[in-house]
Amino acid sequence: MKASSMNTHMGNIQIDNEVIAQYAGSVANECFGIVGMAGINVKDGIVKLLKMDSISRGIHVKINNNKLTLDFHVIVSYGVSILTVSENLASNVKYRVEEFTGITVEKINIFIEGVRVID
């Protein structure tokens, strides 16, 4: 189990990376222009849209010196500004994950894995 931990005056708190990834994924899916998380089959080089129950597979969480680095693999809507969507995603995730966990988000890397036309 990879987890981040912090010491408080009342004891030690540990948060599993999977919990952080699930929360960050749910925040990302609320952002305008994000269709969903992307799962990548490295062997075949195939990118697929992940369902909501496996949302954390499109997010990689790293903890270094009690600071988070989040890697997002996302699929965006056709016709939106990728720069604007990425900036919106990064600012929303940073704010909400820091508020949720109490841990500083040092870096957010966003990898656009595909574009999808939404009806």
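**Close-up views of a predicted protein chain**

View 1. Setting aside residues up to four places away in sequence, Thr69 touches His60, Val61, Lys62, Glu106, Lys107 and Asn109; contact here means heavy atoms within 4.5 Å. Thr69 belongs to strand E6 (residues 67–77). With 11% relative accessibility, Thr69 counts as buried (buried means under 20% relative accessible area, exposed over 50%, partly exposed in between, using a 1.4 Å probe and protein chains only). A word on the model before we move on: it is predicted, so local features need pLDDT of at least 70 and side-chain atom pairs count only at pLDDT 80 or more, while totals for chains, interfaces and linings use all residues. Residues are numbered from 1 along each chain as its sequence is written, and side-chain values use heavy atoms, with hydrogens and water left out.

**View 2. The whole chain, for orientation.** The protein chain has two helices and seven strands, which are DSSP runs numbered from the N terminus (helices are H or I with at least four residues, strands are E with at least two). Read from the N terminus, the order of elements is β-β-α-β-β-β-β-α-β. Of the 119 residues, 36% are buried. Among contacts between residues at least 6 apart in sequence, 62% join residues at least 24 apart. The accessible surface is about 7,400 Å², and 51% of that belongs to carbon and sulfur atoms; such areas come from the Shrake-Rupley method with a 1.4 Å probe, and for residues only the protein chains shown count as cover.

**View 3. Inside the largest nonpolar core.** This core has 24 residues, of which Ile34, Leu70, Phe72, Leu89, Val93 and Val97 touch the most other members. A nonpolar core is a set of buried Ala, Val, Leu, Ile, Met, Phe, Trp, Tyr and Cys residues joined through side-chain atoms within 4.5 Å. At least two core residues come from each of H1, strand E3 (34–41), strand E5 (59–64), E6, H2 and E7. Take Ile34: beyond residues up to four places away in sequence, Ile34 touches Ala28, Asn29, Val74, Ile75, Val76, Val85 and Leu89.

**View 4. Ile108 in strand E7.** Ile108 sits in strand E7 and, at 18% relative accessibility, counts as buried.

**View 5. A stacked ring pair.** The structure holds one aromatic pair. The ring centres of Tyr23 and Phe100 lie 4.0 Å apart with planes at 10°, so the pair is stacked (rings of Phe, Tyr and Trp, the last by its six-membered ring, pair if their centres lie within 6.5 Å; planes under 30 degrees apart count as stacked, over 60 as edge-to-face and the rest as tilted). Distant parts of the chain are linked here: Tyr23 is in helix H1 (residues 17–30) and Phe100 in helix H2 (residues 82–101), 77 residues apart. Phe100 counts as partly exposed, at 43% relative accessibility.

**View 6. Ser77 and its contacts.** Ser77 is found in strand E6 and is buried, with a relative accessible area of 15%. Apart from neighbours within four places in sequence, Ser77 is in contact with Gly33, Val35, Val115, Arg116 and Ile118. Val115 itself is in strand E7 (residues 104–116).
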